[in-house]
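Here is a short tour for anyone meeting this protein for the first time. Have a look at the sequence and the model, then read on.

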Amino acid sequence: MRYRELAARSCQLAQRLYASGLRVGDHIALFLENHPRYFEGVWAALRSGLYYTPVNSHLSAPEVEYIVGDCGARVFLTST
């Protein structure tokens with residue numbers, strides 16, 4: 001992935017997050033495998049002034065539930 005593509009995709013995601021009602025200071029959780037697309041979510045959060053919590057994809061469901069609930073994420077980003 002080139003920088004230009006990363007910048008464009010992160011801007012698109014940032015716009016979607018804003019359209020979903022997220023504002024500066026809100027929180028998202030990223031539940032993604034190790035992949036370059038992970039950085040789109042990170043950059044989108046940073047561009048939007050959002051906090052983000054990375055969640056390891058190898059955790060059990062109760063562990064993921066605890067982390068997401070504890071961080072107060074309003075959006076849970078994951079891959080298919």
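## Starting from one tyrosine

Y52 sits in strand β2, which covers residues 51-54; helices (H or I, at least four residues) and strands (E, at least two) are DSSP runs, numbered from the N terminus. Before going further: this is a predicted model, where local features need pLDDT of at least 70, side-chain atom pairs count only at pLDDT 80 or more, and totals for chains, interfaces and linings use all residues. Residues are numbered from 1 along each chain as its sequence is written, and side-chain values use heavy atoms, with hydrogens and water left out.

Y52 touches H27, I28, L30, Y38, V42, A45 and L46, leaving aside residues up to four places away in sequence; a contact here means heavy atoms within 4.5 Å. Y52 and V75 are 23 residues apart in sequence, and their C-alpha atoms are 9.6 Å apart in space.

## Strands and a helix

Strand β1 (residues 27-31) pairs with β3 in the parallel sense over four bridges; two strands pair if DSSP finds at least two bridges between them. F31 has T78 of β3 as its bridge partner.

Helix α2 (residues 38-48) has these buried residues: Y38, E40, G41, V42, A44, A45 and S48. They pack against α1 (3-19), β1 and β2. Just after α2, G49 takes a positive phi of about 75°.

## The whole chain

Zooming out, the protein chain has three helices and three strands, following the pattern α-β-α-β-α-β along the sequence. Some overall values:

| Feature of the protein chain | Value |
|---|---|
| Box filled by the C-alpha atoms, along the principal axes | roughly 35 × 25 × 15 Å |
| Buried share of the 80 residues | 35% |
| Share of contacts with a separation of 6 or more that join residues 24 or more positions apart | 74% |

The radius of gyration is 12 Å, which agrees with the value near 12 Å for a compact globule of 80 residues; it is taken over C-alpha atoms, and the globule rule is 2.2 Å times the number of residues to the power 0.38.

Conventions. Buried < 20%, exposed > 50% of the residue type's maximum accessible area, 1.4 Å probe, protein only.
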